[in-house]
Amino acid sequence: METEKEAQELEEPPGCSHTQPPHPWEAIPITSWRDWRWQLAHRLSGVEELGKVVRLTSEEVEGLSAPGRFRVEVTPYFASLMDPDDPACPIRRQVIPTRDELAPYNAEMADSLAEDSHSPVPGLVHRYPDRVLMLVTTQCASYCRYCTRSRLVGNPAAQFGRKTYDAQIEYIAHTPQIRDVLLSGGDPLTLPQSVLEDILRRLRAIDHVEVVRIGTRVPIFLPMRITPELTGMLRKYHPLWINVHTNHPKEITPEVRQALAQLADAGIPLGNQSVLLAGVNDCPNVMKDLVHALVKNRVRPYYIYQCDMVQGAGHFRTPVSVGTEIIESLRGHTSGFAVPTFVIDAPHGGGKIPVMPNYLLSQSLDHVVVRNYQGFITAYAQPDTYDRHDPSRCPSCLRGLPSGKQESQSVAALLSGKQPAIRLAEEVGTHPAIRTTMLEANMVVPSGTNGHSR
Ligand code: SF4
């Protein structure tokens, strides 16, 4: 049973007054409070500023005072959602460091996804055959304490710029198998609108780029940034998809609902990515509240990520079983489209690997044995006859996969008989997908390490 205060928070979180900013910003004109530029200019950082909003614990003071810690900035809007008296507040835990952030742990890495070694040009990660991740900024509206890219995000001196974009776009233009470009960073919606539009326009001019996606937490940290001018610009570059990043239902405020509605009304399909975080959302009921709040706002729950093994995030990590238990509590218990995929983004650049409860219990030539969410076990009879798909008469098969070279290195290739085995180790060097593209584009292939080419 939720307490009366918790129930009230879910319905009417702090910070949602339409006449006056919340405490301690009452003296600020409401027009300033609703202005995203004012919000960015008045972000809270150190002990003194954050101490005016919440009663900081000694653990938080220690985390905030640590030299060289990952950047701290919190928009006043997001800070207004924090419980001033509860250090376990899920909003507060996401953006205020504690001394736990300073504790090293065994498996931690600076670049836990090996993105740097899959980058043919700075800021462009080419891990999958047909899509790339294009990092366009190092800046965010606020900074998450568990950020996977804390090695490069938040450094005002390491900003991407026109030269980087030119190299990234040149690589994409020379790589016909890339059909999907994901803009991320940092947060692309913190870029000046003209800069973002220039990137979108140039990507749209490349014939083989079919889809552009933006990964952003701005609608959550700074919902007032979603203006009619911004959505009017974005809608010119369809098909454009946006993935937001929410972790807890408390983040779905009236302001966020309005921002999401504006994006959806601009025809932008919306998805959500959550990171599974100890003390924030490691609870089936919290996650169910979150996915329900998302679908009510036209956002499809897309991924739940197992927390990466990134430096500073050890205290947020959960056992993997917490994620599978959450999926077990969602699948069958709510609408199928409200159930995200739980993934481990594999260390060393293995990409996203889905992890789920086992529903296929056994199989023979005649039957497969499956179970549902209630534990009901049944046999599905295999067909007596099956007219196999004929690839020689199939236009899609005859056309061939544009990413044929990479497709030959996969479990799917083993099943189709195109490949006899997968080697456990490759030569040390540049990822084959990148190497091939760079050689074809007459670019210099860097030497060095990585070899994550399985
Ligand atoms: S918004 Fe994304 S990139 Fe920025 S700090 Fe949070 S997780 Fe990292």
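In which sense do strand β6 and strand β7 pair, and over how many bridges? In this predicted model, strand β6 (residues 270-276) runs alongside strand β7 (residues 299-306) in a parallel pairing that extends over seven bridges. These two strands belong to an open sheet of nine strands with mixed pairing, and an open sheet of three strands, whose pairing is antiparallel, is also present.

**The nine-strand sheet**
- The strands follow one another in the order β1-β2-β3-β4-β5-β6-β7-β8-β9.
- Because β1 (124-128) and β9 (351-354) stand at the edges and each has a single partner strand, one side of each is left without a neighbour in the sheet.
- From one strand to the next, the twist averages 30 degrees.
- Within the pairing of β6 and β7, Ser274 is placed opposite Ile304 in β7.
- Helix α14 (residues 320-330) packs on this sheet, where the helix touches β6, β7 and β8 (341-346), and its direction makes about 155 degrees with that of β8.

**The three-strand sheet**
- Here the order is β10-β11-β12, with β10 (360-363) and β12 (377-381) as the edge strands, each of which pairs on one side only.
- The twist in this sheet averages 25 degrees from one strand to the next.
- β10 and strand β11 (residues 367-371) are joined in the antiparallel sense over three bridges, and Ser362 stands opposite Val369 in β11.

**The ligand surroundings**
- The ligand is surrounded by Cys140, Tyr143, Cys144, Cys147, Arg149, Val153, Gly185, Gly186, Asp187 and Arg217.

Note on methods
Residues numbered from 1 in each chain as written. Predicted model: local features only at pLDDT ≥ 70, side-chain atom pairs only at ≥ 80, totals over all residues. Pairing = 2+ DSSP bridges. Helix = DSSP H or I, 4+ residues; strand = E, 2+ residues; numbered from the N terminus. Axes fitted to C-alpha atoms, helices over the stretch in contact; angles between N-to-C directions. Contact = placed C-beta atoms within 7 Å. Near = placed C-beta within 6 Å.
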